[in-house]
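Here is a short briefing for a first look. Please keep the sequence and the 3D view open while you read.

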Amino acid sequence: MPDVLADQRTIDRAYFAAAGMAACAAVPLVSHGRLVGVLALVARRAEDLGATEVQMLTAFGAHAAIAIESAQLYADAERRRREAQTLADVARDLAECHDLDTVLARIARGANGLCAADVTSLAVRDADGSFPARHVIGATQRRLSALPRRAGPGHRGSRRGQWSARACG
């Protein structure tokens, strides 16, 4: 793109104008037919992004795409390994331990670790039908215990860092 300020594809012309940038060359990062990213060079002068620079960017982008995909695959495999280990640890603890509080604490820690949650709460049904929090990780017991809980289909919160009865009900 020899003139980012005139090209209709430019999303934020004000940014480029303020930064004094005039030209852009972008290449898709594709690995095994899947788009994994976009690599862009931006320059103050269009002549700084000639055919040679675009060829180098394209070649570098092909290698970068493979490196990105490899890193993502490794991260996914590592995450799955940690999940399997956590599940095996929880299963072992459940088989070995018969103390309810210890079992509940291990379940809460395992769920928190698997999901990398900010807050994890484990509530168990009482004889009166209520679900008081028995184990809480990442929040004060008092604050979480004050939220009403009732039997139902379950909910998942969508506001990071905030609690609501609807999200945790």
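Contact means heavy atoms within 4.5 Å. With neighbours within four places in sequence left aside, R125 is in contact with S130 and F131. This is a predicted model, where local features need pLDDT of at least 70, side-chain atom pairs count only at pLDDT 80 or more, and totals for chains, interfaces and linings use all residues. Residues are numbered from 1 along each chain as its sequence is written, and side-chain values use heavy atoms, with hydrogens and water left out.

**Overall build**
- Along the sequence, the pattern reads α-β-β-α-α-β-β-α-α.
- The protein chain has 169 residues, and 24% of them count as buried.
- Buried means under 20% relative accessible area, exposed means over 50%, and partly exposed lies in between (1.4 Å probe, protein chains only).
- Of the contacts between residues at least 6 apart in sequence, 27% join residues at least 24 apart.
- The accessible surface of the chain is about 11,600 Å² (Shrake-Rupley method, 1.4 Å probe; for residues, only the protein chains shown count as cover).
- Carbon and sulfur atoms hold 57% of that surface.

**Helix α2**
- Helix α2 covers residues 51-96, which is 46 residues.
- The buried residues of α2 are L57, G61, A64, A65, E69, T86, D89 and V90.
- These buried residues pack against β1 (23-31), β2 and α3 (100-115).

**Surface patch**
- V30, L35 and V38 make a nonpolar surface patch of about 280 Å².
- Patch residues have over 30% relative accessible area and no salt bridge; like charges are joined within 9 Å, nonpolar side chains (Val, Leu, Ile, Met, Phe, Trp, Tyr) within 5 Å.
- A salt bridge is a side-chain nitrogen of Lys or Arg within 4 Å of a carboxyl oxygen of Asp or Glu.
- L35 sits in strand β2 (residues 34-43).
- L35 is exposed because its relative accessible area is 53%.

**Loop residue R125**
- R125 lies in the loop between β3 (120-123) and β4 (133-137).
- R125 counts as exposed, at 53% relative accessibility.

**Cysteines**
- The structure holds zero disulfides (pairs of cysteine sulfur atoms within 2.5 Å).
- C24 is buried, at 13% relative accessibility.
- C115 is exposed, at 61%.

Methods
Helix = DSSP H or I, 4+ residues; strand = E, 2+ residues; numbered from the N terminus. Expected span 1.5 Å × (residues − 1).
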